[in-house]
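Biologist: I would like a close look at one part of this model. Please keep the answer in one piece.

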Amino acid sequence: MTQQLIDAIIEMREEDSIKITNKLLDGGASPTDILNACKAAMDVIGQRFENGEAFIPELMMAGEMMTAVTDILKPRMAKDASAEKLGKIVLGTVQGDIHDIAKDIVGFMLDLNGFEVTDLGVDVSPEKFVETVQETGAKILGLSGFLTLAFDPMKDTVEAVKAAGLDNVKIMIGGGQINEQIRQYTNADAYGKDAMAAVAIAKEWTKE
Amino acid sequence: MFTRPDNWNELSPLERRKLRLDHWQNQPVEFITPEAEANYKVRIDRLRKTYDMQPVDRRVADVWMGANEYIVRRKGITGKDIVYNHEKLREPLLEFHNEFQPDTAATPLPYPGKIMDMLNYKSYVWGGQKLPDKLTIQAVEAEHMSGDEYKEFAADPTNFWMKKFLPRVMPTLEPLAMLTDLPRVSENVDIIDLILPFGTPPFQEMLKTLMEAGNELMKMLGVVGQTAGMIAASGFPSMGFNIVKTPFDYLGDTVRGTRGILMDMYRRPDDLIAACEAYVPVLINAVVNASDRNGAPAAMYVLHKGADAFMSKEQFEKFYWPTWKQVMLGLYEEGITSYLFIEGSYNNRLDNLAEMPEKSLVCHFDQTEMGPVKEILSDKFIIAGNVPASLMSTGSVAEVRAYCDNLVELFEDAPSYILSHGCYFENTTDEKMRAFMDAVK
């Protein structure tokens with residue numbers, strides 16, 4: 001039956017995913033088994049995204065279904081059911097830029113892949129990023145920016161992190177006009193072209 | 001004002017296109033010097049040949065798309081100035097044109113800051129309002145139409161726009177919702193419903209505000225028009241566009257929002273397609289009327305959600321392309337060239353564009369691979385763009401020049417190519433601007 005849930009999510013059958021979740025619970029399935037099925041489905045969707053077979057609508061739909069299923073499971077989840085996290089990540093759109101769609105997808109995919117994400121929202125100052133990295137002890141910082149005006153605030157944020165002595169924090173950047181040239185300009189450690197690239201970078205850094 | 005000749009109905013699309021371009025090319029300008037007049041004629045002749053895909057003495061370098069704000073920001077102008085203080089832009093603009101002698105006129109978009117304030121406009125935030133003074137303007141994503149309202153939209157897009165959408169994004173216009181449905185005003189007693197809202201205090205208050213906004217707009221257009229006239233008089237022709245979007249982007253950008261419309265592709269696909277289809281004749285009519293009014297021979301599409309990264313090829317061909325293509329073909333029939341500003345990349349959409357008739361498009365690319373563009377599209381359409389904003393912002397002068405040289409060389413044997421930036425940027429240097437412009441000389 002969990003395979004049915006996996007199939008429903010992969011095939012973007014939103015209503016079916018809810019019905020099957022409820023049936024699974026009625027049949028005595030554990031919330032953990034259901035969550036694992038969701039994660040298995042997301043792995044397939046993530047893989048398809050990397051292969052150019054799934055796109056932003058599928059990531060967003062999968063996110064909606066995951067949220068709906070999690071909301072059903074929440075009352076039944078044991079307090080100790082929280083899975084061990086791979087690491088902490090602070091994420092936000094840099095100062096002066098108010099775009100959040102791509103950042104939200106990145107945050108969702110990082111969360112789904114086992115990271116504890118602190119999302120600071122949009123128009124975040126370098127000081128706020130530094131402060132939050134210090135508070136959370138995160139070892140990874142993700143900076144998003146849709147507009148070209150994001151180049152300098154990204155550079156300023158990287159400088160602020162270094163100036164605060166957070167040399168063990170790695171910084172990735174991403175957004176519509178971000179490429180290797182901007183990574184070099186900002187002195188960030190990596191740039192990711194999309195949400196799955198951000199996950200791959202974060203996993204790689206966590207291994208180190 | 002473009003006036004159609006009596007034999008308009010007997011003309012082919014390309015003959016109509018020629019008349020619209022003739023009108024644009026021959027608009028009267030009072031030049032400041034004979035030299036300015038001579039320069040203008042050389043420049044507009046080169047642009048016209050580019051649009052006609054005829055041989056030119058050299059390529060056109062168009063600074064407008066990427067550098068339209070840099071050219072005033074280099075003199076200390078802020079985003080707030082661009083939105084609110086159009087008078088302040090004049091000197092820096094005239095100075096830029098005099099100093100750089102660009103192939104085309106370039107000015108920042110004329111954002112009407114005071115009027116946006118008066119309307120309580122919610123689809124954007126801007127410098128001097130909710131953004132810091134140094135920034136210009138950014139879109140705010142929101143859902144201004146619920147998924148359940150698609151059918152109402154499709155039944156009558158104009159009515160929905162006037163009575164639902166505008167009051168939601170411009171709260172000053174909320175009383176517009178009181179208007180009767182205009183197509184039912186036919187008989188004498190219908191006049192009661194037609195005029196009734198005009199007798200109510202909220203509607204009258206709105207009308208007062210609109211009259212004040214109208215006065216402000218006239219002042220602003222006086223300033224902007226005078227500056228544009230001085231730039232033309234100094235020898236610099238403008239390209240001549242009306243700005244437009246695809247049906248999908250109209251619905252996605254500011255009506256349903258990105259999240260809303262991308263979910264709708266799964267949750268209510270038929271309603272979404274029906275709404276896009278309903279938009280087609282309305283949009284064609286609107287753009288043709290605008291082109292007739294202001295004489296612009298082209299419609300510039302700012303393209304967003306059909307890009308490679310947003311949706312699959314199958315989704316593009318199901319949701320995005322069919323109604324957009326209908327709009328472009330409708331405009332082509334009326335002699336209007338579609339200028340496509342293709343944000344992101346269209347590597348997987350080139351064969352779709354190739355379906356359009358010869359000379360119907362100017363394809364301006366941001367990050368699309370230009371080798372296949374040349375191969376697939378350059379014999380049929382005018383090609384433009386691809387100098388990266390990242391390069392102009394952070395690259396060296398030599399890197400900019402090398403990139404531009406490569407583009408000019410790549411399109412050397414193509415009928416038409418306009419050297420231009422892939423995307424707008426805030427910061428660069430005068431030296432990089434010169435390197436960009438010199439690459440065509």
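Biologist: At what angle do helix H1 (residues 2-10) of chain A and helix H3 (residues 31-50) of chain A pack, and how far apart are their axes?

Modeller: This is a predicted model, in which local features need pLDDT of at least 70 and side-chain atom pairs count only at pLDDT 80 or more, while totals for chains, interfaces and linings use all residues. Residues are numbered from 1 along each chain as its sequence is written, and chains are lettered from A and ligands numbered from 1 in the order in which they are written.

H1(A) and H3(A) pack at about 40 degrees, with axes 9 Å apart; axes are lines fitted to C-alpha atoms, for helices over the stretch in contact, and angles run from 0 to 180 degrees between N-to-C directions. Helices are DSSP runs (H or I, at least four residues), numbered from the N terminus. The two are therefore oblique to each other, as angles under 35 degrees count as roughly parallel, over 145 as roughly antiparallel, 65 to 115 as roughly perpendicular and the rest as oblique. On the H1(A) side the contact includes A:Leu5, A:Ile6 and A:Ile9, and on the H3(A) side A:Ala37, A:Ala41 and A:Val44 are among the residues; contact means C-beta atoms, placed from the backbone, within 7 Å.

H1(A) also packs with helix H2 (residues 14-26) of chain A, where the axes come within 9 Å and cross at roughly 165 degrees. H1(A) and H2(A) are therefore roughly antiparallel. Here A:Thr2, A:Gln4, A:Leu5, A:Ala8 and A:Ile9 of H1(A) meet A:Asp16, A:Ser17, A:Ile20, A:Thr21 and A:Leu24 of H2(A).

Technical notes
Two residues are in contact if their C-beta atoms, placed from the backbone, lie within 7 Å.
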